Amino acid sequence: PKAPVTMMVFGDFQCPFSSRLVKTLKLLVKDQPRKVKVVWRDFPLAFHKEAKPAAVVGQEVFLQKGSSAFWAFTELVFANPRGLSEAALLTFAGQVGAEVAKVRLALGQAQGRASKAVERDMKDGAAAGVKGTPASFLFRDGTPLRNAKQLPGARQYPDLKAEVDGI
């Protein structure tokens, strides 16, 4: 959390390119834990019907259990891209320690805090010019998002590492 470089990713839980980027980011953070941190922002695309419910569940998992549970949930979702029914999402949330009854409630609340967090991410992404996923922004702490380096699409590890090293 105290790393000086932030990679903010606007992603979609049904996007295969977001999945690919998350795997690369995991390697990057493992190799440079004191240099880079990753912040996930939800940007579910309209044509991915299960992406928004997955985003709401992910937000609720984060609110209940924090970052490590959120990333564990993310791994389960991306490992099962064709199985994102409500039942599957609730199972994944339970597997990472979230209270399933609260997750189910969050899914049904359009104005709940998890849904509002997803809507805020989507609004922020649109304001930053995000049109597709994944869309990443690389910056040093204290830099406004509008001045961050934008990195669209999934990147290979050597390219991403070079970008981080150049910041």
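Reader: Which residues are buried in helix 2?
Author: In helix 2, Ala51, Ala54, Ala55, Val56, Val57, Gly58, Gln59, Glu60 and Val61 are buried, where buried means under 20% relative accessible area, with a 1.4 Å probe and protein chains only; helices are DSSP runs of H or I with at least four residues, strands are runs of E with at least two, and both are numbered from the N terminus. This is a predicted model, in which local features need pLDDT of at least 70 and side-chain atom pairs count only at pLDDT 80 or more, while totals for chains, interfaces and linings use all residues. Residues are numbered from 1 along each chain as its sequence is written, and side-chain values use heavy atoms, leaving out hydrogens and water.

Reader: And what do the buried residues of helix 2 pack against?
Author: They pack against strand 2 (36-42), helix 3 (67-79), helix 4 (86-95), helix 5 (100-108) and helix 6 (113-127), with contact meaning heavy atoms within 4.5 Å.

Reader: What follows helix 2?
Author: Gly66 does, and its phi is positive, near 90°.

Reader: Switching topic, is Lys37 buried or exposed?
Author: Lys37, which is placed in strand 2, is buried, with a relative accessible area of 18%.

Reader: Which side chain does the side chain of Lys37 join in a polar contact?
Author: That of Asp141, through a polar contact of 2.9 Å; the term covers a pair of N or O atoms within 3.5 Å, and within protein one must be able to donate a hydrogen and the other to accept it, while residues adjacent in sequence count only if both atoms are side-chain atoms.

Technical notes. Buried means under 20% relative accessible area, exposed over 50%, partly exposed in between (1.4 Å probe, protein chains only).
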